[in-house]
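This report looks at one helix and at the backbone geometry of several loop residues. Please keep the sequence and the coordinates open while reading.

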Amino acid sequence: MVHLAMHDAFFGVAAIAGSPALYLAAPVYVGSNGIAAQSSAVSAAAKTVLSILYPEQAPEFEKALGDILDTNKSDGAALDYGYKIGQAMLALRAQDGSEIPDGPYEYALPRPHHRPDPINALDQISPLGPNWGRVKPFAIQANHGLKPVPGLTSMDYRNDHEEVLKKGGAASQKATTRTDEETVIGLYWAYDGAKELGTPPRLYNQIIRKVAEEQGNDWAKNARLFALINAAMGDAGIYSWHYKYVEDLWRPVIGIRNYDDNFGWDAAHGTGINSLCDPFWRPYGAPKTNDTSPGARAFTPPFPAYPSGHATFGAAAFEMVRLFYNTGPYDAEAEDTLGFEFVSAELDGISTDNDEAIRTRHARRYDSLAQAMFDNAVSRVFLGVHWRFDGMDAKNVKQMLKRSKSTPSTTSDVGGVPLGRAIARDIFGSNLIQSNVVI
């Protein structure tokens, strides 16, 4: 909402030849179009939306607006226009379904349905966002499908189950074979709502800012790019949460502990333990970074596994950037050269583990967004909070790209990566117009 309002405020004022169409049915702007006007309009639009979404922070937004106007000068007509754009955005989304409270949700008994994290059971009485899939999409123009979860007895499921059993366990687990590099990848991409870090969409915005800097973006390109990626992530969140509660799949901490049918809430009486079952398995876990309160520990996110939200958000954002900077016929199979250098706040030499130990700073370079998209998805396996198929069915970047082309293979629509990429291509191809899709 914020980035779409900023987009319309900028292009409504800037009067640049060839400007894209506005997302909103906005009033016509009458006034000057210099830097002061552009800055005033964009800042007022953002402040208006943010103050309603986060009213407890409204004084901070008001101060920030004042600081910007002091720096770039104030333009009264443009300020008024920005306020109107912000108000129009709020009116458009006033009854979009996001106001529906969580629940009701009842945990289903038969395996492999979602259950609470047994290691953090008191924190997970009810799951997060069971109704979020009912929110009105922002900009998609067609419904996007997703293959069902592989069957528990299929080789695809068993292989991915064994992988997370070995690669996603806590260091204390006898089966864990995760390398230091894999642990770094798991932590680098985490951003699991941790204190002072936030959630994955913030991480992807931070990274794309680095890409935009390397590409030398001007204000117009930034206004367009960040509206595109955030609209895509908005719809990625709606779609992935829709499918999460359709599939209602257990997370590894439940699936590994209860894989043998002698264990779990619907257990049958028997002896022996299947080799893929460990009733006492613990994941490395999504980190509660910077939380040193008593009892703070890594956790499994409180909602179903399939598809991965991380994978869907990241793929939507990075695929959109690949499309935005593409200068020729788009090839979904080609690995891009849109690199970036970024120090994740999870590994910045400041953030801490729950025991107050400061994590070592890690400066990481990616030479392509395709590789970043892949690592972002597989990072969840290394934390032990997702199966690989939650993100994709590929084992390397080339597979990931090939299996997500416009003429898909039979497995190309497995997981969040192809879902996110499809959402990005839909929105980019339709030039960012309002959605009339009902999921």
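The sections below treat the basis of the values, then a helix, then backbone angles.

## Basis of the values

The model is predicted, and local features were taken only at pLDDT of at least 70, side-chain atom pairs only at pLDDT 80 or more, while totals for chains, interfaces and linings use all residues. Residues are numbered from 1 along each chain as its sequence is written, and side-chain values rest on heavy atoms, with hydrogens and water left out.

Helices here are DSSP runs of H or I with at least four residues, strands are runs of E with at least two, and both are numbered from the N terminus.

Within α3, the residues F61, L65 and L69 are buried, where buried means under 20% relative accessible area, exposed over 50% and partly exposed in between, computed with a 1.4 Å probe on protein chains only. These three cover an arc of only 75° around the axis and therefore lie on the same side of α3, the arc being that of the directions from the helix axis to the C-beta atoms. The buried residues of α3 pack against α2 (35-53) and α4, with contact taken as heavy atoms within 4.5 Å. On the face turned away from this buried side, α3 carries the exposed residues P59, E60, K63, D70 and T71.

## Positive phi angles

Most residues other than glycine have a negative phi, and most peptide bonds are trans. Just after α3, K73 takes a positive phi of about 75°; K73 belongs to the loop between α3 (58-72) and α4 and counts as exposed, at 55% relative accessibility. N431, which is not a glycine either, has a positive phi of about 65° and lies in the segment after α14 (416-429).

## The loop between α4 and α5

The peptide bond from G103 to P104 is cis, with omega near -5°, and P104 is found in the loop between α4 (76-92) and α5 (155-167). The bond from R111 to P112 is cis as well, with omega near 5°, and P112 is placed in the loop between α4 and α5.

E106 also lies in the loop between α4 and α5 and is exposed, with a relative accessible area of 73%. Although E106 and S126 are 20 residues apart in sequence, their C-alpha atoms are 8.5 Å apart in space.
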